[in-house]
Amino acid sequence: MAYLELNNVYKTYGQGDYATEVLSNINLSIEEGEFVAIVGFTGSGKTTLVNLINGLLEPTSGDVLFKGKPVMGTSHERGVIFQNYSLLPWLTVEQNVFMAVKEAFPKKSKSELNDIVAEYVEMVSLTPAINKRPKELSGGMRQRVSVARALAMKPEMIIMDEPLGALDALTRGNLQDEILNIWGKDKRTALLITNDVDEGIYMADRIIPLRPGPNATLGPEFKIDIERPRDKTEMNDNLNFKETRNAIIEYLMDIGNERKSQAMEEFVLPDLTPKDFVNQFK
Amino acid sequence: MKQSITLGKVTKFMGLGFLSTFKDLFTGKLEKEDFKNFLRKVVVPMASILLFIGLWFLGARSLYNVEAEYKIQKALTDQGPEAAEALRACIASGDTSCQPNTLPSPSQVWDSYMSLLKDHQIISADKAAFAEKTAALNEKRIANGENPITYTGRPSFVDQIFRSLQTVFAGFLLALLIAVPLGIFIGLSPTLKSSFNWFIQIFKPVSPVVWYLLVFMIVKTLLIDSNEDSSFTISFISVGLCSMWATLVNTAMGVSSVDKDYINVAKVLKLGPFQKVFKVVLPSSLPLIFTGLKITLSVAWMVLIAIELLAQSPGLGLFVWEEFQNGANDSNAKIIVAMFVIGVIGFLLDRLMLTIQNAVSFDKTDAI
C-alpha cells in the first residue's frame, strides 16, 4: 500500500448549474521517502490538489488516503510550504517558527521548543535575522522562514505548493539546493507542485503533469533516473535529462495546443501601444 | 540592533512630522528640500490661520455694525432721536451694558479665554484654601465614620474640561468593552452576524438625543433608591452607546475578513480556537479595530456636548448651554472659546488614538 493515495478524486466548486469541476479522476500514489513533482500550467488546479492532500479541502468524491487512512482535516504529519509564504507579519521569524513548534509538540518544555526553533532557523541560515519581522526580509528569506516553519514541526511528509514560484532565478536555485539538502538528510516523503519543468526534474524522482482544468486530471508519469546528488550544470549535458525534459515539455505543449484548437472563438487584440511617459515632458 | 528614539521619530510616529522641520530650522540643518517642506508644512498653514482670523475679524465687525444699526434704528422709532443718539454714544464708548449681541471678534474671544483662565485660578485657589481649612475637620469626620466635607462651589472652565474628558473616556471604555468582544463574536460566526444584523442596522442611525432619553428611562428606574446624582452615569452610558457602532461594525468586518492565507496557516498548524483568535485573527484585524475605535472616540467627543447639555451633567456641553442661557455680553465669546477648546481636544484625542494604533498594530501595507 502506498504512503499517500488518491483514488478517483473529483473536486467541484459551486453547486447545481454553477458547478465547475476543477479536478476529475485524479489517481496518484506516492511511496514513502519518494520525492514527487506535479507540473502544470497556472490555473490548472494545482493548489486545489495540494489543499486536498493537506486537508484544507475535502474531495467531492473519491478518497484521499494518507498511510491507509482517509485525510480528515489538516495534520501535523503533513507539513505545508505555501506559495505566498503565509508568514504572520506581526510576529518575528522566531515567533513564527515557535508558534508552529509549540503546536506540534505541546508537551515539550519551553527551552526544548526554543532549541528546536534555533536549530531549524540555523538550518535555513537565518540566525542573524531571527528577530526580524517578515516585512524586513527579502522574498527568498521569507520563503526560508516558511520552510523552517514547516520542517520544524517534523512532519512525515512535506507538501510544497509552488514554494519558489515568486522568487528570482538565483535565489530559486539556492533554495532548491537547500530544500534538497534538508530532504536528503532524513528522506521524508515530499510532494512538490511547480510550474517549472526544470525544477521538477532537478528535484524529484518522478514527475507527473497535471492537465489543465477545468476537469484537470493527471497525465502519464515520467521517471527521472538521474543519480543524486544532482549537479545543475552537469545535468544540462545529461542525455537522460534532455530527453525527459523534452518529453515533458512536448507533452505539455501538446495539451496547450489541444486546448487552443478547442477554443472556437478567436479574439482579435486591439492595436495599442503603450503611452510614452518618458518623452512626454521633454 | 536597537533603534534609538529621537525627537524626530517620536513626532513622526504621532503624526506630527511637521514639528521636526521646526527643530531643523533652529539647529540650522535646513537644506533646500527641507526649506520647501518647511514652507509647505509650516508657513502655509500659518498663513491660512492668519487668513481665517482676518476673515473672522471682518465678518464679526460687519455683523456688529448691522446689529448696532438695527438697535439704533429701533431706539429711533420707539423712543425718539434723543434715545437713539444716546445709544449710539453708548455703543461707541464701549460700555458693556449696551453692546450689540452678535458674533464676537477674535480679540473678544481671546479676552474671554484669558478671563476664563483667571477665573480658574481664583476658583482653584479658593478650593485649596477650602481643603486646607477643612483638612483637620475631615480627618476627624473620617475617623468617626462620617462623610468628609467636600467643596461644592462652582466648577471652573478647566474643571469642566476635565469633567468632560472623564465622561468621554468612561463612555469610550464602555463602548470598547461592549463593541470589541461583541464585534469579534459577530465576525467569527455568520449565525450571530445574521441574528445581530437587524439590531445594528436599526440602532446605528439613532440620534444621540434619543439614546440619552432611552438611557435616562432605564437608569432612572434602576437607580430609583439612590440619592446620588445620576447625570454622570446617564451621560457616559449614552455617549458609549451612541459611539460604539463604528467599533462594532469595524471589528466584525476586520475579524470576518482576515486574509485567507492566515486562516490556512492557523488550520495547517492546527491552532486551537482560542489560539486562533488571539494569535491570528485579532492581530490581523487590529488595524480595522483601531480605525473603528478612532471613529468611536471622535463620535463620543462630538455627541458628548449634546448629551451633557441634555443630561445637565457638568462639562463643556453644560458650559455652552449655560453661557447661551446666561446671555451676558461675554457669553458669546465664551461659547466660541468652548468651541475651539472642543475642537483642539478632539484633534488631540484623534492623535492619541493614532499613536496607540501605530504602536500596537503592524503596517498593513507591508503585510505578507
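Guide: B:Leu223 is partly exposed, with a relative accessible area of 35%. On this scale, buried means under 20% relative accessible area, exposed means over 50%, and partly exposed lies in between, with a 1.4 Å probe and protein chains only. This is a predicted model, in which local features need pLDDT of at least 70, side-chain atom pairs count only at pLDDT 80 or more, and totals for chains, interfaces and linings use all residues. Residues are numbered from 1 along each chain as its sequence is written, chains are lettered from A and ligands numbered from 1 in the order in which they are written, and side-chain values use heavy atoms, with hydrogens and water left out.

B:Leu223 sits in the loop between α8 and α9 (231-256) of chain B. Helices (H or I, at least four residues) and strands (E, at least two) are DSSP runs numbered from the N terminus. B:Leu223 belongs to a nonpolar surface patch, together with B:Val209, B:Val210, B:Leu213, B:Leu214, B:Met217, B:Ile218, B:Leu222 and B:Leu310. The accessible area of these residues together is about 760 Å²; such areas come from the Shrake-Rupley method with a 1.4 Å probe, and for residues only the protein chains shown count as cover. Helix α8 (residues 208-222) of chain B supplies the largest share of the patch, seven residues. A patch is made of residues with over 30% relative accessible area and no salt bridge; like charges are joined within 9 Å, and nonpolar side chains (Val, Leu, Ile, Met, Phe, Trp, Tyr) within 5 Å. A salt bridge is a side-chain nitrogen of Lys or Arg within 4 Å of a carboxyl oxygen of Asp or Glu.

Buried residues make up 35% of the 368 residues in chain B. Another part of chain B is helix α3 (residues 32-79), which contains B:Lys36. B:Lys36 is partly exposed at 47% relative accessibility, and B:Lys32, B:Lys36, B:Arg40 and B:Lys41 form a positive surface patch. Lys and Arg count as positive and Asp and Glu as negative, while His and the chain ends are not counted. The place of a charge is taken as NZ of Lys, CZ of Arg, CG of Asp or CD of Glu. Helix α3 of chain B also holds B:Glu69, which is partly exposed with a relative accessible area of 37%. The C-alpha atoms of B:Glu69 and B:Glu323 are separated by 25 Å, although these residues are 254 apart along the chain.

The backbone of chain B also has a point of interest. Most residues other than glycine have a negative phi. B:Lys270, however, has a positive phi of about 55° although it is not a glycine. B:Lys270 lies in the loop between α10 (260-268) and α11 (273-311) of chain B and is partly exposed at 39% relative accessibility.

Strands of a sheet pair through backbone hydrogen bonds, either parallel or antiparallel. Two strands pair if DSSP finds at least two bridges between them. In chain A, six strands form an open sheet in the order β6-β7-β8-β3-β9-β10, with mixed pairing. Strands β6 and β10 (222-223) of chain A each have a single partner strand, so one side of each is left without a neighbour in the sheet. Strand β6 (residues 78-81) of chain A is covered on both faces, with A:Arg78 and A:Val80 buried on one side and A:Gly79 and A:Ile81 buried on the other. Four bridges pair β6(A) in the parallel sense with strand β7 (residues 157-161) of chain A, and A:Met160 in β7(A) is the bridge partner of A:Ile81. Five bridges join β7(A) to strand β8 (residues 189-194) of chain A, also running parallel.

A further open sheet of chain A has four strands in the order β2-β1-β4-β5, with antiparallel pairing. Finally, A:Asp177, A:Asp231, A:Glu234 and A:Asp237 form a negative surface patch. A:Glu234 lies in helix α7 (residues 232-235) of chain A and is exposed, with a relative accessible area of 60%.
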